[in-house]
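I opened the model today and kept short notes. The entries follow the order in which I looked things up.

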Amino acid sequence: MKQLASKLTLSSDTTAKLSLLTVKDRILLSIHNHYKIGDLDYLTKQILSSEVCAPIRSLNRSISQCINEGLINYKNKKISIRSLEELANHLKHFL
């Protein structure tokens, strides 16, 4: 019971923290997580939209902002990280 309660508390804390992030930050965090598990090549806007709970229009706006800031690239429907160091630096408070 203690282990289950601990896991539930951790999950609730994570959910609360994620709900306070901007769409841009949730996108970058999701991209970073996909990079870490090695499936960034399979990440689509539809998957990303579902993961960050944002409509495609908001997602496109935030992706464009991230591209302009030099954090990611988006070409041929593929997302790539321009600089892992800059991305990690941007997400240092969330990782």
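**Entry 1: salt bridge.** I set the cut-off before searching: a salt bridge is a side-chain nitrogen of Lys or Arg within 4 Å of a carboxyl oxygen of Asp or Glu. With that rule, I found 1 salt bridge in the structure. Side chains of opposite charge can pair when their charged atoms come close. Here Lys24 pairs with Glu69, and the closest N and O atoms are 2.7 Å apart. Lys24 sits in helix H2 (residues 23-37) and Glu69 in the loop between H4 and S1, so the pair ties together parts that are 45 residues apart in sequence.

I noted the ground rules here. This is a predicted model; local features need pLDDT of at least 70, side-chain atom pairs count only at pLDDT 80 or more, and totals for chains, interfaces and linings use all residues. Residues are numbered from 1 along each chain as its sequence is written, and side-chain values use heavy atoms, with hydrogens and water left out.

Next I looked up exposure for the pair. I used three classes: buried is under 20% relative accessible area, exposed is over 50%, and partly exposed is in between (1.4 Å probe, protein chains only). Lys24 counts as buried at 11% relative accessibility. Glu69 counts as partly exposed at 37%.

**Entry 2: overall layout.** I took helices (H or I, at least four residues) and strands (E, at least two) as DSSP runs, numbered from the N terminus. The protein chain has 5 helices and 2 strands. Along the sequence the pattern reads α-α-α-α-β-β-α. Of the 95 residues in the protein chain, 33% are buried.

I then checked contacts, meaning heavy atoms within 4.5 Å. I took the contacts in the protein chain between residues at least 6 apart in sequence; 49% of these join residues at least 24 apart.

**Entry 3: helix H2 against helix H4.** For axes I used lines fitted to C-alpha atoms, for helices over the stretch in contact; angles run from 0 to 180 degrees between N-to-C directions. H2 and H4 pack at about 75°, with their axes 9 Å apart. My angle classes were: under 35 degrees roughly parallel, over 145 roughly antiparallel, 65 to 115 roughly perpendicular, and the rest oblique. H2 and H4 are therefore roughly perpendicular to each other. H2 brings Val23, Lys24, Ile27 and Leu28 to the contact, and H4 brings Ser58, Leu59, Ser62, Ile63, Gln65 and Cys66.

I sorted residues by class. Ala, Val, Leu, Ile, Met, Phe, Trp, Tyr, Cys and Pro count as nonpolar; Asp, Glu, Lys and Arg count as charged; the others, Gly among them, count as polar. The contact of H2 with H4 has 6 nonpolar, 3 polar and 1 charged residues.

**Entry 4: helix H3 against helix H4.** The axes of H3 and H4 come within 10 Å and cross at roughly 105°. H3 and H4 are therefore roughly perpendicular to each other. On H3 the contact uses Lys45, Gln46, Leu48, Ser49 and Val52; on H4 it uses Ile56, Leu59, Asn60 and Ile63. By class I get 5 nonpolar, 3 polar and 1 charged residues for the contact of H3 with H4.

**Entry 5: two single residues.** Ser30 is placed in helix H2. Ser30 is buried at 7% relative accessibility. Not counting residues up to four places away in sequence, Ser30 touches Leu48, Glu51 and Val52.

Ile81 lies in strand S2 and counts as buried at 18% relative accessibility. Which residues does Ile81 contact, leaving aside neighbours within four places in sequence? I found Ile31, Tyr35, Leu40, Leu71, Ile72 and Leu87. Ile81 and Ile31 are 50 residues apart in sequence, and 8.2 Å apart in space, C-alpha to C-alpha.

**Entry 6: cysteines.** I searched the whole structure for disulfides (a pair of cysteine sulfur atoms within 2.5 Å) and found 0. Cys66 is buried, with a relative accessible area of 0%. Cys53 is exposed, at 65%. Cys53 is found in the loop between helix H3 (45-52) and helix H4 (56-68).

**Entry 7: positive phi.** Cys53 has a positive phi of about 55° although it is not a glycine. Lys77 is not a glycine either, and its phi is positive at about 60°. Lys77 lies in the loop between strand S1 (72-75) and strand S2 (78-81). Lys77 is exposed, with a relative accessible area of 66%.
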